[in-house]
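Please read the following briefing alongside the sequence and the coordinates.

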Amino acid sequence: MSRLDEMIPSSPGKFKMEKSSYLHRLRFQSSLTKFAFFSFFLLCLISLLFLRSPPSVNTSPSSSSSDPSRRSLRTNTYGGPAWEKRIRSSARIRTSTTNGITVLVTGAAGFVGTHVSAALKRRGDGVIGLDNFNDYYDPSLKRARQALLERSGIFIVEGDINDVELLRKLFKIVTFTHVMHLAAQAGVRYAMENPSSYVHSNIAGFVNLLEICKSANPQPAIVWASSSSVYGLNTKVPFSEKDRTDQPASLYAATKKAGEEIAHTYNHIYGLSLTGLRFFTVYGPWGRPDMAYFFFTKDILKGKSISIFESANHGTVARDFTYIDDIVKGCLASLDTAEKSTGTGGKKRGPAMLRVFNLGNTSPVPVSDLVRILERQLKVKAKKNLIKMPRNGDVPFTHANISLAQRELGYKPTTDLQTGLKKFVRWYLSYYSSSGQSKAAAR
Ligand SMILES: O=C(O)[C@H]1O[C@H](OP(=O)(O)OP(=O)(O)OC[C@H]2O[C@@H](n3ccc(=O)[nH]c3=O)[C@H](O)[C@@H]2O)[C@H](O)[C@@H](O)[C@H]1O
């Protein structure tokens with residue numbers, strides 16, 4: 001028993017006092033007061049130590065246990081001369097580049113973020129990545145993408161788009177001409193499992209970023225990821241930007257639709273130049289393990305059965321699968337054609353650009369065909385389980401009309417599903433065959 005244990009009765013009322021021990025009681029009371037005082041003092045000291053971070057080290061609020069996304073995020077540290085130096089160097093436009101831009105890419109360790117960051121850097125633009133490295137899917141894949149970008153001189157700052165202080169700091173160090181906002185909670189079906197993570201990233205995080213952008217001087221132009229899912233239960237095909245988007249089938253879709261309305265507001269009030277891109281089921285090397293083409297590949301190779309969804313009356317479910325390189329071209333063209341924001345320091349000075357584009361492939365393919373292509377390329381027969389599409393937010397088909405993007409951005413997808421999947425499978429086999437990754441693939 002410790003001295004503290006000796007002093008405190010194990011349960012109230014059970015403490016037995018000696019007959020003639022008034023003095024003892026007094027002594028006990030005085031020790032109790034001392035103990036209470038020291039405990040209080042100790043508690044204050046501990047809270048002070050934890051609450052006060054040193055000037056160059058900040059803790060992202062997203063790493064707190066109250067994080068609504070309920071995922072483990074690392075405690076991020078940032079600041080200091082070495083950190084700032086890495087940011088400046090990564091943001092530098094190559095001297096030989098004419099009309100170079102300086103871009104903050106949020107979600108840079110994500111699938112699309114990695115490819116867009118690399119493409120920008122290749123042509124000489126300044127790029128700073130931002131990513132919270134959450135564990136929605138295997139974070140080691142995000143780390144591998146980070147390593148890839150680091151080799152080409154791109155620094156990814158670890159932090160959350162909800163972290164006001166971090167964003168302020170980044171905007172103080174670098175004058176961003178553009179923001180490519182790709183950080184989001186993706187996935188249609190996961191929204192039923194963890195709805196608050198969608199609100200946290202796709203709504204609160206987006207608003208936070210726009211607040212910082214609107215106050216920046218100069219304000220950057222923003223290009224951001226919306227989704228084909230905003231068309232929801234729309235039956236008119238192909239989907240055109242003019243079509244209705246008021247019937248979302250999932251919370252994911254609803255948060256992306258909300259993002260489009262929020263974009264309108266910030267454009268209207270603050271003169272921010274905003275371009276939303278409705279991506280159609282993007283796939284390719286370094287892709288997302290939560291997407292069907294990716295986990296079908298994994299399961300087919302492991303001999304596990306896969307579920308192929310069917311719509312009513314055994315109808316096929318189809319997607320306008322779009323290859324990553326085509327999407328990257330659409331993103332870069334959007335950045336290049338985005339006009340400047342018109343406001344300064346939170347005040348609108350005139351009307352600003354507000355756009356929405358479909359970035360799809362224009363040729364929907366049934367999911368059963370996707371599986372057939374994978375079987376051929378993997379040289380393994382899939383164990384198929386045809387099931388009725390669960391009511392989990394999925395829609396039976398998507399099909400993009402891309403004429404607006406063609407006209408305004410010169411967007412012209414060139415990769416069909418067969419060619420694109422061949423490139424994905426080649427990457428998958430090489431990535432997961434290296435000993436370090438095979439364990440991750442086996443999970
Ligand atoms: O375009 C978008 O905006 C979205 O694209 C993507 O969503 P989806 O098009 O639903 O892709 P994905 O999950 O790969 O399912 C593909 C197909 O396989 C079917 N599917 C799925 C799972 C399964 O077990 N069986 C099955 O048949 C399923 O019914 C579907 O027909 C992104 O994940 C999302 O973040 C968002 O960006």
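Does Phe133 count as buried, exposed or partly exposed? Phe133 counts as partly exposed because it has 18 C-beta neighbours inside 10 Å, on a scale where 20 or more other C-beta atoms within 10 Å of a residue's own make it buried, 12 or fewer make it exposed, and anything in between is partly exposed, with C-beta atoms placed from the backbone. This is a predicted model, in which local features need pLDDT of at least 70 and side-chain atom pairs count only at pLDDT 80 or more, while totals for chains, interfaces and linings use all residues. Residues are numbered from 1 along each chain as its sequence is written.

**Overall make-up**

- The protein chain holds 14 helices and 14 strands, where helices (H or I, at least four residues) and strands (E, at least two) are DSSP runs numbered from the N terminus.
- Of the 443 residues in the protein chain, 40% are buried.
- Among contacts between residues at least 6 apart in sequence, 80% join residues at least 24 apart, a contact being a pair whose C-beta atoms, placed from the backbone, lie within 7 Å.
- An unreviewed UniProt entry lists residues 103-340 as "domain: NAD-dependent epimerase/dehydratase", with the caution that annotations may be inferred rather than shown by experiment.
- The span 103-340 is 42% helix and 19% strand, and its end C-alpha atoms lie 13 Å apart.

**Backbone exceptions**

- Most residues other than glycine have a negative phi, and most peptide bonds are trans.
- Phe133, in the loop between β2 (126-131) and α5 (139-151), has a positive phi of about 50 degrees although it is not a glycine.
- Asn313, placed in the loop between β8 and β9 (315-316), likewise is not a glycine but has a positive phi of about 55 degrees, and it is exposed, with 6 other C-beta atoms within 10 Å.
- The peptide bond from Asn217 to Pro218 is cis, with omega near 5 degrees, and Pro218 sits in the loop between α7 and β5.
- A cis peptide bond also runs from Val237 to Pro238, with omega near -10 degrees, and Pro238 is found in the loop between β5 and α8.

- Helix α11 (residues 367-378) has 12 residues and should span 16 Å at 1.5 Å a residue, which agrees with the 16 Å between its end C-alpha atoms; the expected span is 1.5 Å times one less than the number of residues.
- The buried residues of α11 are Val367, Leu370 and Leu374.
- Helix α8 (residues 251-270) has 20 residues and reaches 28 Å from its first C-alpha to its last, close to the 28 Å expected.
- The buried residues of α8 include Leu251, Tyr252, Ala263 and Tyr270, and what covers the buried residues of α8 includes α7 (195-215), β5 (221-227), β6 (274-279) and β12 (354-359).

**Ligand shell**

- Among the 19 residues around the ligand, Ala186, Ser227, Met291, Ala292 and Phe309 come nearest, a residue being near if its C-beta atom, placed from the backbone, lies within 6 Å of the molecule.
- Strand β8 (residues 305-311) gives the most to this shell, with 3 residues.

Note on methods. Contact = placed C-beta atoms within 7 Å.
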